[in-house]
Amino acid sequence: MCTDTLPPLPIEGSMPAKDLPQVIPAQMRRVNNLISRRVNLYSRQNGVEDVTAMHGWILAYLYRERDREVFQRDIEHAFSITRSTVTNILQLMEKKGYIRRMSVPQDARLKRLILTEAGARAHRQIMLSLRQTDQYVSGLLTEEESAELLRLLNKLRAGLE
């Protein structure tokens, strides 16, 4: 059972769970939203208030791949998101000082994505928030339930890709 002392997150204007459609995509969306709220709560507590969950995942990707050249198309493929969405996300991340985009000599149209020190700091705090969220969520399930949930989610992901 979960030993976290934080209260449940309020859901303003929500209807009782029994009145919501019990279809897999809708339930997954709801759970994803609740997990995102939990990540945001921990992020605020850890001093990272202006980073969305997607920014956090991209920062983690750039941190992990920092020894190679990473371009926008790599982000598009890694996260299965469209070019226009990635463009908007990267522009905001650059404005916040988390990344820089630099032209490469062989093709001025290509922009290499570089994680800044501010981005690396935000990444470390976000990773702490994600670990805290994972511990919280894991505490809601037994070890067997967690393993089964991961197996089923991986099966769904593979079938949908």
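**Around T116**

I began with T116, which touches G97, Y98, I99 and R100 when residues up to four places away in sequence are left out, a contact being heavy atoms within 4.5 Å. This is a predicted model, in which local features need pLDDT of at least 70 and side-chain atom pairs count only at pLDDT 80 or more, while totals for chains, interfaces and linings use all residues. Residues are numbered from 1 along each chain as its sequence is written, and side-chain values use heavy atoms, with hydrogens and water left out.

I placed T116 in the loop between β2 (107-115) and α5 (117-138), where helices (H or I, at least four residues) and strands (E, at least two) are DSSP runs numbered from the N terminus. Is T116 buried or exposed? I noted it as buried because its relative accessibility is 17%, buried meaning under 20% relative accessible area, exposed over 50% and partly exposed in between (1.4 Å probe, protein chains only). I also found a polar atom of the T116 side chain 2.5 Å from the backbone oxygen of G97.

**Core**

I then turned to the largest nonpolar core, which has 22 residues, with L59, L62 and I75 having the most contacts inside it; such a core is a set of buried Ala, Val, Leu, Ile, Met, Phe, Trp, Tyr and Cys residues joined through side-chain atoms within 4.5 Å. Two or more residues of this core come from each of α2 (53-64), α4 (83-95), β2 and α5.

**Surface**

Lastly I checked M28, which sits in helix α1 and is partly exposed, with a relative accessible area of 39%.

Note on methods. A polar contact is a pair of N or O atoms within 3.5 Å; within protein, one must be able to donate a hydrogen and the other to accept it, and residues adjacent in sequence count only if both atoms are side-chain atoms.
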